[in-house]
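Please keep the model open while reading.

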Amino acid sequence: MTYLERIHLEIILAVEKEGSMTAAAESLHLTQSALSHSIRKLEDQLGVKLWQRKGRQLLPTQAGQHLLKTAKRQIPQFIRTENQLIQFSRGERGLLRIGMECHPCYQWLQTITNSYLQDWPSVDLDVIQRFKFAAMEALLAHEIDIIVTPDPVRKKQLTFVPVFDYEPVLVVGADHPYKDYDYVEPKDLSEETLFTYPVCSDRLDIFSNFLTPVGRTVKIQKLIETTEIMIQMVACGRGVTALPRWLVDEFAESYDIFPVKLGKEGVQKQIYLGIREEDADVDYIQAFLNQAQSPSVVT
């Protein structure tokens, strides 16, 4: 016999979010007595308590915490499935949600989206590009459908495909002494001001693949959200940055900036697209992967 229903998952999520049974009931458009009765009945049927009171606080028990984790995974899937069914009923295919962990790759993404939208007129696109966005967790939680990342995480529920290679390089202005260098060593950056995106250092190539492995860092790290502002600061001699060579070549047409190789051999990286294994046969998702791997769009 099945005791657990969707409403139980929605209740435990609402209680965590709202902080009380009363507020949770209001958010779900239920009476407090109906909400309490539903949970009490489930606890009686399963023989386990889901909450315990500590003063005025309502805290989940071990069983409640387990149910809460399940709810956080399953409710987004319920919502997504319902939305897709509604879209099917309207003759639409769906919404493709893309999460970005490679912030300079937004320009590359734009080379794909225009033709993709023309080929798939019944599919809408949404691109999520937030600097404090946990995209890998969002992919597992069905909050996005595709992740763009230079650092794939090997999990059995996920599949990653490489779409193009890139070389991160140091970017300097016309008056910088390193402008004519063939390459720089980690020690050369010890007195530099480095402009980076506002993300953890282990997600920045210049740290994770160049400085950190040899115990080096820069004098000052300044955080800038916009790529073009970062480039302007470098062009004005305010500091240096590190970006993919292909992106530097594009901006060099408008700004007086120069790429310098990181180390004698340079640093080589790949950009990957990641999806959930269960979505591998979804036609419009597979079509996006195929288009991204097309030689005509590889940078």
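Contact here means heavy atoms within 4.5 Å. The model is predicted.

## The five-stranded sheet

Strands of a sheet pair through backbone hydrogen bonds, either parallel or antiparallel. Here an open sheet has 5 strands in the order S4-S3-S5-S13-S6. Its pairing is mixed. Strand S4 (123-128) and strand S6 (158-166) are the edge strands, each pairing on one side only. From one strand to the next, the twist averages 20°.

Look at one pairing inside this sheet. Strand S5 (residues 146-149) and strand S13 (residues 269-276) run antiparallel, joined by 3 bridges. Thr-149 has Tyr-272 in S13 as its bridge partner.

## Helices across the sheet

Two helices lie across strands of this sheet. Helix H5 (residues 106-119) lies across strand S3 (94-100), S4, S5, S6 and S13. H5 runs at about 170° to S4. Helix H10 (residues 283-292) also lies across S3, S4, S5, S6 and S13. H10 runs at about 45° to S3.

## H5 against H10

How far apart are the axes of H5 and H10? They are 10 Å apart, and the helices pack at an angle of about 135°. That angle makes H5 oblique to H10. The crossing is right-handed.

On the H5 side, the contact involves Trp-108, Leu-109, Ile-112, Ser-115, Tyr-116 and Asp-119. They meet Tyr-284, Ile-285, Ala-287, Phe-288, Gln-291 and Ala-292 in H10. By class, the residues of this contact are 9 nonpolar, 2 polar and 1 charged.

## H1 against H3

Another helix pair is formed by helix H1 (residues 6-18) and helix H3 (residues 32-46). They pack at an angle of about 115°, with their axes 10 Å apart. H1 and H3 are therefore roughly perpendicular to each other. H1 passes H3 in a left-handed crossing.

Which residues of H1 meet H3? Ile-7, His-8 and Ile-11 do, and their partners in H3 are Leu-35, Ser-38, Ile-39 and Leu-42. This contact of H1 with H3 has 5 nonpolar and 2 polar residues, with no charged ones.

## A parallel strand pair

Strand S9 (residues 193-196) and strand S10 (residues 220-223) pair over 4 bridges. Is the pairing parallel or antiparallel? It is parallel. Leu-194 stands opposite Gln-221 in S10. Between the strands, the chain crosses from S9 through helix H7 (residues 205-211) to S10. This β-α-β crossover is right-handed.

Key: Residues numbered from 1 in each chain as written. Predicted model: local features only at pLDDT ≥ 70, side-chain atom pairs only at ≥ 80, totals over all residues. Heavy atoms only, no water. Pairing = 2+ DSSP bridges. Right-handed = clockwise from strand over helix to strand, strands pointing away. Axes fitted to C-alpha atoms, helices over the stretch in contact; angles between N-to-C directions. Parallel < 35°, antiparallel > 145°, perpendicular 65-115°, else oblique. Left-handed = near helix turned anticlockwise from the far one by under 90°. Nonpolar A, V, L, I, M, F, W, Y, C, P; charged D, E, K, R; others polar.
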